[in-house]
Amino acid sequence: MPITKSDKQVDINKRRIINGVDADVIQLYPMRHIFAWDAYNTGNANHWLPTEIGMQKDIEQWRSPTALTPEERQAFETVLGFFTTADSIAANNVVLAIYKHITSPECRMYLLRQGYEEAIHTHAYQYIVESLGMDEGRIFNMYRTVSAIYNKDNLVLSLNEGIFDPYFKTGTFESDQKFLENLIVFSVILEGIFFYSSFAVMFGFQRQNKLVGSAEQIQYIMRDESQHLNFGINMINTIKQEQPELWTKEFETKMINLMRRGVVLEYTYAKEVFPRGIFGMNAQGFKHYIEHIADRRLESIGLPTQYHVDNPFPWMSEAVDLSKEKNFFETRVTEYKVGGTLEW
Ligand code: FE
């Protein structure tokens, strides 16, 4: 078929996160979802690699019979065990499920970046496990052996099953709601709640000057993850504006109940994997912390808050805020160069 000459531009008003003009090519202009382009640029500016971070002090402490308590070792291993599965679930969601249904080219650009970042995170866990000479099979298999990890993973996997179906298509009320539900489960519950007691534990290590290389890796990951969460929230809120009919009272109630289930799974995880508490954080502290951040997540997508508790770990919000600033990572050994300054 000959190419028919057409000067017709894509109508910006037909740009949608889902159900927009057919995204058979990434035609970036006219750009509508500026937040996605901003997120893409921020992601590039924050680029990092696990191998840039020195692990020597961690190796010495891990080998030393006295530098870490048995509880600290167990907590560290379990946190790694959770992280390894969580980031691979995230990568699969982005690449195998979400990307395909997104019709906004700039959102697809960011999803490509996000998928790569999930791979970098998995690389970071591999690098920690290898540097410290840990039992990699045991760590990477923990979602099968630790029920508190399995239960969290299972919530995400079972709810997201529908959009992995090769016949799943957006475009009907039911399937669009299902897609929106998947985004909320993925971005807000997995990326916005399920990482956070583990992040808190890693900051505990850092505050004690223990396993600081690993803790720094996790800081970089937390910085990326807070971007993923923001991007997810922006997509959810934009779909809500573009297709307001999806956001019914029943849908709201269902999402609030899912969030509440996620919160219980997360503080149960903290209670089970740190049974005697750790670094001064106990079961009650974790519960309130998770409830506190769940309220922030609910607010961010326009849902009513549920818990109204004070943040028992105020230093965590500082850590999250600080890690958004570019110059926070002073120990970084490599500066990324813009293409033009590279010598060939
Ligand atoms: Fe992520």
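Relative accessible area is classed as buried under 20%, exposed over 50% and partly exposed in between, computed with a 1.4 Å probe on protein chains only. The structure is a predicted model, in which local features need pLDDT of at least 70, side-chain atom pairs count only at pLDDT 80 or more, and totals for chains, interfaces and linings use all residues. Residues are numbered from 1 along each chain as its sequence is written, and side-chain values use heavy atoms, with hydrogens and water left out.

Backbone geometry is taken up before the helices. Asn19 is partly exposed because its relative accessible area is 29%. Its phi is near 60°, a positive value in a residue other than glycine. Asn19 is placed in the segment before α1, where helices (H or I, at least four residues) and strands (E, at least two) are DSSP runs numbered from the N terminus. Pro30 is also in the segment before α1 (34-45), and a cis peptide bond with omega of about 0° joins Tyr29 to Pro30. Asn209, in the loop between α9 (196-207) and α10, is not a glycine but has a positive phi of about 60°. With a relative accessible area of 46%, Asn209 is partly exposed. For context, most residues other than glycine have a negative phi, and most peptide bonds are trans.

The iron ion has as its protein donors Glu118 (OE), Glu191 (OE), Glu225 (OE), Glu225 (OE) and His228 (ND1), at 1.7 to 2.6 Å. Donors are N, O and S atoms within 2.8 Å of the metal (3.2 Å for Na, K and Ca); water is not among the atoms, so sites may look incomplete. Along the chain the donors follow the spacing E-x72-E-x33-E-x2-H. Glu225 and His228 both belong to helix α10, where they are three residues apart, about one turn of the helix. Glu225 counts as buried because its relative accessibility is 0%, and His228 counts as buried at 1%.

Helix α4 (residues 105-132) packs against helix α10 (residues 212-242) at an angle of about 155°, with the axes 11 Å apart. Axes are lines fitted to C-alpha atoms, for helices over the stretch in contact, and angles run from 0 to 180 degrees between N-to-C directions. The two helices are therefore roughly antiparallel; angles under 35 degrees count as roughly parallel, over 145 as roughly antiparallel, 65 to 115 as roughly perpendicular and the rest as oblique. Residues in this contact (heavy atoms within 4.5 Å) include Glu118, His121 and Tyr125 of α4 and Ile221, Glu225 and His228 of α10. By class, the contact of α4 with α10 holds 11 nonpolar, six polar and four charged residues. Here Ala, Val, Leu, Ile, Met, Phe, Trp, Tyr, Cys and Pro count as nonpolar, Asp, Glu, Lys and Arg as charged, and the others, Gly among them, as polar.

For helix α3 (residues 70-101) and helix α7 (residues 147-164), the axes come within 11 Å and cross at roughly 5°. These helices are therefore roughly parallel to each other. Among the residues that meet are Phe82, Ile89 and Leu96 in α3 and Val156, Leu157 and Phe164 in α7. The α3 and α7 contact divides into 10 nonpolar, seven polar and two charged residues.

Ser187 is located in helix α8 (residues 173-194) and counts as buried at 2% relative accessibility. Not counting residues up to four places away in sequence, Ser187 touches Gly192, Leu229, Gly232 and Ile236.
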